[in-house]
Amino acid sequence: MRNERIGDYLVSQGLISEEQLQKVLETQKESNGAKKFGDVVVELGFMSEVNFTKALAGKLRVQYVDLDNADINTDAVQKVPEALARKHTVIAIAITGKRLTVATNDPVNFIVLEDIKVSTGMDTVPVLATTSAINKAIGKCYSMQNVDSVIDSVVAMAGENAAEDQDANDRIESAPIVKLATTIVENSYRADATDIHIEPFEKYTRIRIRVNGDLVELMNISSAVHSALTTRFKLISGMNIAEKRIPQDGRFTQTVDGTTLDVRVSSLPMVNGEKIVIRILSTGQIALRKITDLGMSDYNYQLFESMLRVPQGVILVTGPTGSGKTTTLYAALGEIAKPNVNVVTVEDPVEKNIDGINQCQVNQKAGMTFAAALRSILRQDPDIVMIGEMRDAETAEIGIRAAITGHLVLSTLHTNDAASTVVRLVDMGVAAYMVATSLIGVIAQRLVKRLCPNCKRPRMSTEEENELMGIPSSIQIYEPVGCPSCNNTGYRGRTAIHEIIHCTAKVSAIIAAGGGKDEIEQAAKANGTKLLRDNASELVQVGETSIDELIRTTFSV
């Protein structure tokens, strides 16, 4: 049994089929042994990384550990030097007397275990964990240890330079500042943050990160460090470090745990120095979402899919900044971009590079505006056009005309709900009859936080809450509590809620006649549209989110 190959073991356990095993072996052979069997199984999508690792643990009779939810002993981590941990993809997680428990992705590699034994002088007990979980834990555990020592050395350096203010560049290139800047981005990414705010005050500088839509404090540092830190970020993002009186924008890339991040930086002069806001964008390396992964209810998903089948017209996605509009558009493009169609996008900025799609970056300084780019694109024989945002009347009009002349146009607009989008287009100066003939449908969306499954607490809903949810009697709902796995917030991750208006003949007639928001909404409701609040209410009733989130995202007077 011990000598049975892992592939045969997986087949005997019914985890993969014989055909899938042959496909894996062929792919492995093509790579000339460069890829491990487990990597190929996961890559081809036959098993998830966690399921494969659990199966491997069962075969090797080694304990499997879920590092994301395990208590890792910091003293154990310090026993193994960071360089050795990264070299062998291992992390020490516990100490029992003279024995060190080490999480590894290859527990039968005795050379690695011997290396650790020599380095630590302790007996090693291997446990099995996924490669990605080990890399994440290495980054998290070692970088948190580094932060304090980095800040201390930066403050000491700032003190030395206070008397004789040397040339700024010498200080900026000094190792502690470089390390601090790198560590801030790394720790923020590992905490699933979307933005980093570096805010200068008189006596200190506060660093906050936006996680699940809320700002959370990451650390406070001495204001003596602020100038050097902002200059470091300005330097790597290509800004003018001598200019501190006007706002500037820049970008850079940084690799964290094997993922290359596209990082956008914005500086704005404040009373006590420059405030830096950094947006972390996942690059094209992170797979595109499919439209089935957008969190749509089955009803909304079918509506959305039927809209994407229409060969020409305009589909608009609306919502406030950061509500996932671009993610929805990219998912739609991934669904309809086939090898036999020409897809062109105009974006500012291009957030994800998608294979097989022609993406065009807006450049205001060079005169390459949305409208100018769109005019040229329509001479490029496109089938599908994606406009990052309809910002002005000219862009909206060209987009609508493109739809009338036989193209499928996807775009975003900033409005509060689906019905007011139509009114906004008419207000922008697009003729009502043109909107009526070209519009396929409008999707309004918001992001709501998901309750942490480990600590959510059940209770019965009150009368007021029943009214908000539109239900007749009290039901069991859940409220957030907070535990270590959700950083004591009570929430883990986000999902989207949608409101989709399909422009049927009746709705189009109301638009052409210059109907208002209420008329359009009534007709859409009669047509089966579920409003944002209905969607949020369903999520509260199934225990996905809380009543607080329903109020935060959909409350109106």
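How many bridges join strand β2 (residues 99-104) to β3? Six, and the two strands run parallel. What you have here is a predicted model, where local features need pLDDT of at least 70 and side-chain atom pairs count only at pLDDT 80 or more, while totals for chains, interfaces and linings use all residues. Residues are numbered from 1 along each chain as its sequence is written, and side-chain values use heavy atoms, leaving out hydrogens and water. Helices (H or I, at least four residues) and strands (E, at least two) are DSSP runs numbered from the N terminus.

**The three-stranded sheet**

- This open sheet goes in the order β1-β2-β3 with mixed pairing, and strands count as paired if DSSP finds at least two bridges between them.
- β1 (90-96) and β3 (123-128) are the edge strands with a single partner each, so one side of each has no neighbour in the sheet.
- On average, neighbouring strands here are turned by 30° against each other, direction ignored; axes are lines fitted to C-alpha atoms, for helices over the stretch in contact, and angles run from 0 to 180 degrees between N-to-C directions.
- Val102 has Pro126 in β3 as its bridge partner.
- Helix α7 (residues 110-120) lies across β1, β2 and β3, at about 140° to β3.

**The seven-stranded sheet**

- Another open sheet, also with mixed pairing, reads β12-β11-β13-β14-β10-β15-β18.
- At its edges stand β12 (358-361) and β18, and because each has a single partner strand, one side of each is left without a neighbour in the sheet.
- The twist from one strand to the next averages 20°.
- β11 (residues 343-347) and β13 (residues 384-387) pair in the parallel sense over four bridges, with Val343 opposite Ile384 in β13.
- Lying across β11, β12 and β13 is helix α14 (residues 370-377), which runs at about 165° to β11.

- Val507, Ser508, Ile510 and Ile511 of α19 (residues 505-512) are buried, meaning under 20% relative accessible area with a 1.4 Å probe and protein chains only, while exposed means over 50% and partly exposed is in between.
- After α19 comes Gly514, with a positive phi near 80°.
- Ile511 has 2% relative accessibility, and beyond its neighbours within four places in sequence it is in contact (heavy atoms within 4.5 Å) with Val422, Ala432, Val435, Ala436, Cys503 and Ile520.

**Nonpolar cores**

- A nonpolar core is a set of buried Ala, Val, Leu, Ile, Met, Phe, Trp, Tyr and Cys residues joined through side-chain atoms within 4.5 Å.
- The largest one has 41 residues, and Leu316, Val346, Leu425, Leu439, Ile511 and Ile520 have the most contacts inside it.
- Not counting residues up to four places away in sequence, Leu439 touches Val314, Leu316, Val422 and Cys503.
- A second, separate core has 26 residues, including Val211, Met219, Val256 and Ile278.

**Cysteines**

- There are zero disulfides, taking a disulfide as a pair of cysteine sulfur atoms within 2.5 Å.
- For Cys452, the nearest cysteine sulfur is that of Cys455, 3.8 Å away.
- Cys452 is buried at 0% relative accessible area, and Cys360 is buried at 17%.
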